[in-house]
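Student: Could we go through this structure together, starting with its pockets?
Tutor: Gladly; have a look at it first.

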Amino acid sequence: MKQSQTQIQRNQSNKMKLALLATLATAATAFVAPSAPLTTRSPTQIFAEDEAEAAEVEEPAPRSAAEISALTSSVKTIFSLEDINGILPHRYPFLLVDKVVEYEQGKRAVGIKGVTLNEPHFTGHFPNRPIMPGVLQVEALAQLAGIVCLQMEGAEPGAVFFFAGVDGVKWKKPVVPGDTLVMEVEIKKWNKRFGIASATGRAYVDGELAVELDEMKFALAK
């Protein structure tokens, strides 16, 4: 029996609907979550792993006083405080170099200044936050340079010398009681006829630069 035109159109329409439904069903599977759950870590788990890693880093073993003292065993004193008293005219409370540990005659020196709360300037600078005045740091560098210059030709130990100028001073960090100020100066010029010298200087605390200057000038008193 032959199908009527209307039935043929209905059949074609039903086939198109079925094809469309099949296509939609296939596309929908792309949005379905996979059967295996995604692996996630809770914040507690993350912190626990971080703590475990931190625990694996070994803390440094405590050191004895002997071990800490031995850190400076290779630093030898060239000029003691008694030696410096025989070179510089300065005396307490204005002698600001405790010892010299490196010395090249007529060229350079490395000196040590132990900073202590017993120094009188800390009474007012500042009462609640003691800081070594920057000008005294520069003065300490000048005294170290004086130890070099007063042993050069044209000068003599114990002579008085005056500050003539300083340029390019930069303070990098506060110097406080308990610090050890390690200073270095280098003589750039020395006029033995007129007793005029220029030098550069810098000082450190625990390996960090505390103060530096481009040039300081001073002259022997005549």
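**Pockets and overall fold**

Tutor: The largest pocket holds about 250 Å³ of space. A pocket is an open set of points on a 1 Å grid over the protein atoms alone, where a 1.4 Å probe fits, with protein on both sides within 12 Å along at least five of seven lines; lining residues have an atom within 4 Å of a point. Points are joined across faces, edges and corners, and the volume is the space filled by probe spheres set on them. This is a predicted model, in which local features need pLDDT of at least 70, side-chain atom pairs count only at pLDDT 80 or more, and totals for chains, interfaces and linings use all residues. Residues are numbered from 1 along each chain as its sequence is written, and side-chain values use heavy atoms, leaving out hydrogens and water.

Student: Which strand gives the most to the lining of the largest pocket?
Tutor: That is S1, with three residues; S1 (99-104) and S2 (108-114) each supply at least two. Strands (E, at least two residues) and helices (H or I, at least four) are DSSP runs, numbered from the N terminus.

Student: Which residues line the largest pocket?
Tutor: Its lining consists of Thr-72, Val-75, Lys-76, Lys-99, Val-101, Glu-102, Val-110, Ile-112 and Val-182.

Student: And how much space lies in the second largest pocket?
Tutor: About 170 Å³, and among its 13 lining residues, Tyr-92, Pro-93, Leu-95, Lys-113 and Glu-119 are the closest to its centre.

Student: Switching topic, how many helices and strands does the protein chain have?
Tutor: The protein chain has five helices and seven strands.
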